[in-house]
Amino acid sequence: MSVAVGLVTSGSRGNRLVFYHRGGTVTTHEDVASVLPPTTLAEILAPSSLMVDRKFELSVDQWRFVGHPFSVYNGTFSITFNVVFVLESHCSEKLIEAYDHLSHLIGSAIVHEEKKCDFLCQEVNLLMQLLEEADIPDPSASHLLDRSSLAKSLSSILLCLQRGERHIQVKINGWSDVNMFIKFDSSKMQEAEYDLSDQVFFVRSYSALLLFESPDNVLTSLPPSSNPAMQRLLSVVSPLKNLQAVSLDADIPLVLVLRLASHLVHWRKAMAIYPLSENNVYITSPMADTRLNSELSSQFSDRFHDQCLADILSNFSLPVPLGDIKDIIDDETIVIWLLQHKQIVQLHTYVYIVPNEAEPPKINGNSPKKGDALKQSELLSHLTPVEKNCVLQTTAASNSDDLEEFARLSQYFHGNHHLEGIMLMENIPRSQLLTLIDKFSEILVTCTLPEHSIPSI
């Protein structure tokens with residue numbers, strides 16, 4: 001985790017540590033500022049001209065310093081600066097790369113503001129003036145936060161990281177956005193089922209969006225340059241409504257709706273789910289909080305009139321359709337809350353073609369004529385030779401209508417689409433799809449899996 005953040009400058013006034021903030025972290029390590037004086041930190045962290053716009057990484061004892069230096073020149077003001085994060089030495093390489101990228105984003109925003117309104121020049125001069133006015137110059141002094149906008153922004157970013165917040169969203173100088181997700185390598189920070197960023201690949205026209213916060217809060221967090229269509233989307237989005245219906249209600253092209261939905265999922269403002277219905281099957285998440293006196297349990301009781309979270313979760317101990325427990329859970333907002341807090345996961349049925357390569361070809365007395373055989377081969381041309389041969393050896397393949405329907409739907413039989421998605425995309429009823437799967441059961445296998453945890457075969 002991040003122990004501290006600092007701003008180091010190098011210019012006509014030498015190398016200076018103009019700001020340092022430790023935040024509210026609790027760590028077994030000493031504070032680096034109590035071991036190394038500001039002048040020493042300034043010398044070892046000041047970037048050289050060769051390091052500009054490159055990854056900066058330095059290990060000293062139990063600390064690791066990560067930054068991304070930048071250089072600015074506006075005619076009267078020339079300076080090289082480095083926003084440095086102090087990490088524990090044992091952090092992973094991926095986390096180091098993430099902090100390097102975060103420092104790059106912060107530095108880019110500062111450079112933009114400097115070009116726009118001399119922001120860095122003013123902030124550095126202010127911080128240096130405050131340090132020189134103090135009896136004992138201390139770059140970690142609290143009064144710097146009260147006077148400096150840049151110091152306050154860096155402190156805000158550090159505190160977000162120390163609280164374990166994955167989404168860093170701060171405006172430098174009240175304008176330039178710094179938006180990023182940090183994937184912590186602590187086991188406490190790992191997602192129970194899957195990383196939400198992977199969900200972007202699962203946002204489809206039949207998906208619904210489940211917001212993690214109110215539409216108003218989402219709108220407030222958007223940058224001024226955001227697409228105006230986002231407001232229309234948020235006004236009609238619902239976990240009961242697929243994105244195709246949202247597109248019609250909001251009068252937004254479906255392609256744009258999918259793009260906007262993917263952005264909301266990527267930035268952890270929403271998750272993609274299958275629209276809520278009585279046929280949906282759910283089960284308790286492996287990472288569900290079943291403790292009776294947990295903070296999450298208290299939040300649930302406050303939200304739903306003293307109901308017990310553990311009691312509600314007990315209804316999902318085994319896979320159960322919502323329709324079967326509607327007498328117990330008659331409020332759909334409870335299900336929405338459980339999904340938002342990852343206490344339950346939806347199960348879907350996926351279909352796989354599993355050819356039996358060891359089985360010798362069957363001798364069919366009613367072999368197709370040459371023309372029919374050519375037609376059958378063309379229908380299944382998108383399958384592998386092994387899959388094609390196994391399909392043609394099934395009993396159901398002798399019926400041309402069944403074979404044509406199988407050929408049309410076989411693109412979905414590699415475990416990448418669940419039954420509900422196939423039904424919506426092909427506009428066929430569940431009974432028709434299940435009948436086809438049953439007819440070709442010699443080579444088709446169905447698996448019930450949590451959404452988004454799909455193995456490939």
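Residues are numbered from 1 along each chain as its sequence is written, and side-chain values use heavy atoms, leaving out hydrogens and water. Because the model is predicted, local features need pLDDT of at least 70 and side-chain atom pairs count only at pLDDT 80 or more, while totals for chains, interfaces and linings use all residues.

**View 1. The largest nonpolar core has 48 residues.** A nonpolar core is a set of buried Ala, Val, Leu, Ile, Met, Phe, Trp, Tyr and Cys residues joined through side-chain atoms within 4.5 Å. Buried means under 20% relative accessible area, exposed over 50%, and partly exposed in between (1.4 Å probe, protein chains only). Look for L7, F81, V83, F85, L102 and I106, which touch the most other members.

**View 2. Meet the neighbours of F81.** Setting aside residues up to four places away in sequence, F81 touches several residues, including L7, P47, F70, I110 and L120. Contact here means heavy atoms within 4.5 Å.

**View 3. D53 sits in a loop.** You can find D53 between α2 (38-45) and β3 (56-60); helices (H or I, at least four residues) and strands (E, at least two) are DSSP runs, numbered from the N terminus. D53 is not a glycine, yet its phi is positive, about 60 degrees. With a relative accessible area of 43%, D53 is partly exposed.

**View 4. D61 lies in the loop between β3 and β4 (63-67).** D61 also has a positive phi, near 55 degrees, in a residue other than glycine. D61 is exposed, at 63% relative accessible area.
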